[in-house]
Amino acid sequence: MSSLKTIGIIGAGQMGCGIAHVSAMAGYKVHIYDLAQDRIESGLATINGNLARQVASGKMTDEERKAALGRITGSNDLNDLAQVDLAIEAATEDESVKRKIYAQVCPVLKPEAILATNTSSLSITRLASATDRPERFMGIHFMNPVPVMKLVELVRGIATEESTFSAAKAYVTSLEKTITVAEDFPAFIVNRILLPMINEAIYTLYEGVGTVDAIDTAMKLGANHPMGPLQLADFIGLDTCLSIMQVLHDGLADSKYRPCPLLVKYVEAGWLGRKSGRGFYDYRGEVPVPTR
């Protein structure tokens, strides 16, 4: 294990709970903070369910499951983060929301604590400038779903100290994840390549080149992708896809990153994918059905 002992997670959503899950499995004490107590309770129930599945599949024993769960606490009191060695912000992909969180969290954290963000696209340097510790701030970008996906992108801001990077690297290594180091450019490596592909798949649908089913089948069987790009977009969340494309378009000022108007329309309709019940597929029945 790294020199860090206690991990604070800010945000009890899918990503935050996934990071809590793998951290507790690796032996860290974990505290999840969220404004909403019901989200914390729902998140802890999800972690328990995911751990139970790992027991059922023989990946861990029931004793290990109980021990991991025993290392996780949660509350809606910000002061409970006062003793963490590393706080990872896993809030929504909205810079203004993240900045507000840092303004509230930084005075609570001990001076030597590292603050990290799980952002998938935003500038680490710019986010760091909104904190009281830019030297002890960096990007630790986990992939979704965290317990399954092996990769973590580490991203330094312009002010990130080597000791901060080394501590983050040791922490991620202790989770048995593979590290890739990305420079601080919009969307880093994975999403810089993945999201324009998804956006192009949506343009292909928008222009009538193929149906939802035709496009996803073509990429699964023609490019050997495990999941079609439109199905993947629904899994990521169409609002997240749109926000990353907007970051790419604004940050790189290149028309090739223009979000597809159909993506914008779906988000405006509240059809955000799997989490809202409808996106490029309708998930409200027994089997997902294409919406176009």
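# Chatting through helices, charges and rings

Mentor: Let's start with two helices: H8 (residues 212-222) and H9 (residues 229-236) pack with their axes 7 Å apart and at an angle of about 100°. Axes here are lines fitted to C-alpha atoms, for helices over the stretch in contact, and angles run from 0 to 180 degrees between N-to-C directions. This is a predicted model, in which local features need pLDDT of at least 70, side-chain atom pairs count only at pLDDT 80 or more, and totals for chains, interfaces and linings use all residues. Residues are numbered from 1 along each chain as its sequence is written, and side-chain values use heavy atoms, with hydrogens and water left out.

Trainee: Which residues in H8 meet H9?

Mentor: Val212, Ile215, Asp216, Met219 and Lys220 in H8 meet Pro229, Leu230 and Gln231 in H9, where contact means heavy atoms within 4.5 Å.

Trainee: And what is in the loop between H8 and H9?

Mentor: Asn224 is placed there, and its phi is near 60°, a positive value in a residue other than glycine. Most residues other than glycine have a negative phi. At 68% relative accessibility, Asn224 counts as exposed; the scale is buried under 20% relative accessible area, exposed over 50%, and partly exposed in between (1.4 Å probe, protein chains only).

Trainee: Switching to charges: how many salt bridges are there?

Mentor: The count is 12 salt bridges, each being a side-chain nitrogen of Lys or Arg within 4 Å of a carboxyl oxygen of Asp or Glu. One of them joins Asp85 and Lys110, with the closest N and O atoms 2.8 Å apart.

Trainee: What does that pair tie together?

Mentor: Asp85 lies in the loop between strand S3 (72-75) and strand S4 (86-89), and Lys110 in the loop between helix H4 (95-105) and strand S5 (114-117), so the pair ties together parts that are 25 residues apart in sequence.

Trainee: Are Asp85 and Lys110 buried or exposed?

Mentor: Both Asp85 and Lys110 are buried. Glu89 and Lys98 also meet through their side chains in a salt bridge, at 2.5 Å from N to O, and both of these residues are buried.

Trainee: OK, rings now. How many aromatic pairs turn up?

Mentor: Six, from a search of the whole structure. Rings of Phe, Tyr and Trp (its six-membered ring) pair if their centres lie within 6.5 Å; planes under 30 degrees apart count as stacked, over 60 as edge-to-face and the rest as tilted. Tyr203 and Tyr206 form an edge-to-face pair, 6.2 Å centre to centre with 65° between the planes.

Trainee: Where do Tyr203 and Tyr206 sit?

Mentor: They are three residues apart in helix H7 (residues 190-206), so about one helical turn separates them. Tyr203 is buried at 12% relative accessibility, whereas Tyr206 is partly exposed at 45%.

Trainee: Which residues form an aromatic cluster?

Mentor: Tyr266, Trp271 and Phe280 form one.

Trainee: Last one: where is the cis peptide bond?

Mentor: It joins Asn144 and Pro145, with omega about 0°. Pro145 is in the loop between strand S6 (137-142) and strand S7 (151-156).

Note on methods. Helices (H or I, at least four residues) and strands (E, at least two) are DSSP runs, numbered from the N terminus.
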